Amino acid sequence: MTNLTSNPNTEELRAIALKHHLPPFTDHKQLAAEGGPRIITNADGCYLWDANGRRYLDGMAGLWCVNVGYGRKEIAEAAYKQMLELPYYNSFFKTATPPSVDLAKKVADLLPGHLNQIHFVGSGSEANDTIARLVRHYYNLIGKPQKKTFISRHNAYHGSTMASASFGGMAGMHAQGDLPLPGFVHVAQPYWYGEGGDLSPEEFGIKAAKSVEDKILELGADKVAAFIGEPVQGAGGVIIPPDTYWPEINRICKEHDILLIADEVICGFGRTGEWFGQQTLGINADIVPMAKGLSSGYLPVGAVAVSDDISKTLKDEGGEFAHGMTYSGHPVACAAALENLNIIERENLVGRVRDDTAAYFNQALASLNDLPLVGETRSLGLLGAIELVKDKATRTKFDPVGKVGGICRDKSFDAGLVMRACGDIMVLSPPLIITREQIDELVLLVREAVDKTMREIAA
Ligand SMILES: *Cc1c(COP(=O)(O)O)cnc(C)c1O
């Protein structure tokens, strides 16, 4: 660990954190050995500062979420105003609040035309848990109670609660908590660089999609409820599927009467250069979980959009859908999310990614290909990945996976950049406000981090 020793208050805070704060996704033994967490104290635009005043370019927009960047007074003011007017009321039992209704309409207007009803939750995990219950309820209502099994992909990420981690395909998560739950099965991911072998990306896209169809045929379409996929897998390592993949998935789901769930928690709200990843990749989704960029992380809020067919079934059949959270449709979170979407619109951030920064980012990353450690760079919109490999020519990965990535992540922090490691895939997801100059700065810092990683593993 470096850079965390100058401010006595920081040291005290780190010690208290070790004693009292039990943080998520952390190796607690390792954290203790390093003397506690890095303390981040403030932020503006694309930059973060730690408790010692050190500045970092945030190449991850927090956790893939701060799409409009930090320090937006308009969002703070919208939340403040709403707190004074009505800090809380629920959406249970036939009530609603103006911000929740306004946000539902706004999100429905942005989504493709057949997705018109929005259910609010507190996070992406809750969105996917909601979907597990809603889909099974829906099939009961339409008299197909056998259609209950969900198909997902290995190395997918759909959240961390029991059902959302079951949707997910992370082996390390399944090993903790005895997951997946019954009724959640997993097939191949469309990860050409890692698993495509000698096939062309196009051939491999078809093959990966076929694993979904094979699973449907194996289980029987009358037993399968839905297929879920992130348009681009985020936490799995920014896996951008070959162009042949999603059209084939559309066909398979339609042909076998399977609902298609497009998890837009990362891809939504401009990340891929359209409002939603399903628009960029041509996905015909029936159900859409959202979170992260919905509020740019300023307050916790997630959502589930459902197709008109599902809406109509709920209305026609009646009976209570016995599901919801105290904070579903929280008025302050919804007011903040609305202002966030207004900013994205007002500043044309989606168009800016699509027409300018996406291509610039892609080329800037590609400039790293001269580094011996870099097997491939890839990006879509402002989602990017750098594959660190043992042998470039044969696409051979390091063994064990994750060690080199971990070193590179630490070197990035040392260089003043937040870049995340998914195994040995370095991933980037900067705020959508990032400029060309800042992309140049980002790639220079990546180069420095990869260079230093190379030297450390050579030594
Ligand atoms: C982050 C994420 C989730 C979970 O969202 P939380 O708000 O962390 O619960 C679900 N799906 C995808 C694709 C994600 O990236």
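Trainee: What is the strand order in the open sheet of four strands?

Mentor: Strands of a sheet pair through backbone hydrogen bonds, either parallel or antiparallel. Here the order is β11-β12-β15-β14, with antiparallel pairing. Strands are DSSP runs (E, at least two residues), helices are runs of H or I (at least four), and both are numbered from the N terminus; two strands pair if DSSP finds at least two bridges between them. β11 (374-380) and β14 (420-422) are the edge strands, each pairing on one side only. From one strand to the next, the twist averages 25°.

Before we go on: this is a predicted model, where local features need pLDDT of at least 70, side-chain atom pairs count only at pLDDT 80 or more, and totals for chains, interfaces and linings use all residues. Residues are numbered from 1 along each chain as its sequence is written, and side-chain values use heavy atoms, with hydrogens and water left out.

Trainee: Over how many bridges do β12 and β15 pair?

Mentor: Four: β12 (residues 383-388) and β15 (residues 425-428) run antiparallel. In that pairing, I386 stands opposite M426 in β15.

Trainee: Which helix packs on the sheet?

Mentor: That's α15 (residues 349-366), touching β11, β12 and β15 (contact means heavy atoms within 4.5 Å). Its direction makes about 175° with that of β11; axes are lines fitted to C-alpha atoms, for helices over the stretch in contact, and angles run from 0 to 180 degrees between N-to-C directions.
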